[in-house]
Amino acid sequence: MSIGRSLRWVWWVILAFLSTGARSAAPSYAPVTVPMKVQEVAPDVYLVQGLAGAATEHEGFISNAGFVVTDAGVVVLDALGSPSLATRMRELIRTVTDRPVVKVVVTHYHADHIYGLQVYKDEGAQVFAPAEALAYLNGPQAAARLAERRETLKPFVDDRTRLVYPDVLVDRDASFALGGHTFALKPFGPVHSDGDMAMLVQPGGVLFSGDLIFEGRVPFVGDADTRRWVEVLDGLLGGGLEVLVPGHGAASRNAQATLRLTREYLAFLRETMGRAVEEMQPFDEAYAAVDWSRWKDLPAFDSANRRNAYAVYLGLENEAMGR
Ligand SMILES: [Zn+2]
């Protein structure tokens, strides 16, 4: 009896020692000093809004992340741009709930949204991502970008920062239920990146759109496929949407209006530039002839509009020639 009791005691000491050892072995990343705060956008649905800036400004805190608290654990949306930022975000989640993070949904594999993944992976969370993430991870781009950020975001991104592969690749509309919430995943293929995905959370009607939506400004079109982009936005209108959380910038309570603005802007570019291409009108002449008054007061119009129009003009020329 007393031998049994002392054996049990020895076991407790060993277990206590092991658990302390395990805890102190968890990596401690360089702490960030940039201010981060939690904002509730719907019951149980939270946004941590990145600051406006270029990729390596604000210690890399330039993109949004979100989380949803359910009875069965926390679902995180996007992982921010470093393990340090994700660690800080994890602390913020703990101020709301002590439940574990069980799933992470990634809208797209761009550096500012993924380098914090290892924090949640090490906690045991399951990672969902659009199927195209695999090609990105296995291609040369991923390693090159990580090497660059290890320099430009030192010490927050360093040799311990690793690329985390998704556990679940999403290649068609899918959904899961967790603790009284449903999470609808909508992958769109290549739109803003090689593969983009949005997530709609119910109840609450919160759409995390990733970088498909630019809130309150003229979007940056770049070499995006605007035909696909317009189709995708059409697919998002409706569906019980209440709050829109973009990949960068503030949440919009007027989700339908924000979507419609982006959609109509892109459609306007396609229509006006399409007419010019059809009539084989040179770009400069076509651009000068368009009445831009509906858009010219939007933020970023001066810096983005002409380039957007030109990109669409070239894209439509290619479409017209069947390329
Ligand atoms: Zn982004």
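Predicted model: local features only at pLDDT ≥ 70, side-chain atom pairs only at ≥ 80, totals over all residues.
**Entry 1: the zinc site**

I began with the zinc ion, whose site is irregular, with angles of 81 to 169° among its 4 donor atoms. I noted the rule for that word: four donors count as tetrahedral if all angles lie between 85 and 135 degrees, four count as square planar and six as octahedral if opposite donors are over 155 degrees apart and all others between 65 and 115, and anything else is irregular. For orientation, ideal angles at a metal are 109.5 degrees for four tetrahedral donors, and 90 or 180 degrees for six octahedral ones.

Residues are numbered from 1 along each chain as its sequence is written, and side-chain values use heavy atoms, with hydrogens and water left out.

I then looked up the protein donors of the zinc ion and found D112 (OD), H113 (NE2), D211 (OD) and H248 (NE2), lying 2.1 to 2.7 Å from the ion. Donors here are N, O and S atoms within 2.8 Å of the metal (3.2 Å for Na, K and Ca), and water is not among the atoms, so sites may look incomplete. Along the sequence I read the spacing of the donor residues as D-H-x97-D-x36-H. Helices (H or I, at least four residues) and strands (E, at least two) are DSSP runs, numbered from the N terminus.

I also checked accessibility, where buried means under 20% relative accessible area, exposed over 50%, and partly exposed in between (1.4 Å probe, protein chains only). D211 counts as buried because its relative accessibility is 6%, whereas H248, at 29%, counts as partly exposed.

**Entry 2**

I traced an open sheet of 7 strands in the order β1-β2-β3-β4-β5-β6-β7, with mixed pairing; two strands pair if DSSP finds at least two bridges between them. The edge strands are β1 (39-42) and β7 (168-170), each of which pairs on one side only.

Contact means heavy atoms within 4.5 Å; axes are lines fitted to C-alpha atoms, for helices over the stretch in contact, and angles run from 0 to 180 degrees between N-to-C directions.

Among the buried residues of α2 I listed P83, L85, M89 and I93, and the buried residues of this helix also pack against α4 (117-123).

**Entry 3: backbone exceptions**

I kept in mind that most residues other than glycine have a negative phi, and most peptide bonds are trans. The peptide bond from K154 to P155 is cis, with omega near 0°, and P155 sits in the loop between α6 (140-152) and β7. A cis peptide bond also joins Q202 and P203, with omega about -5°.

In the loop between β2 and β3 I found H58, which has a positive phi of about 50° although it is not a glycine.
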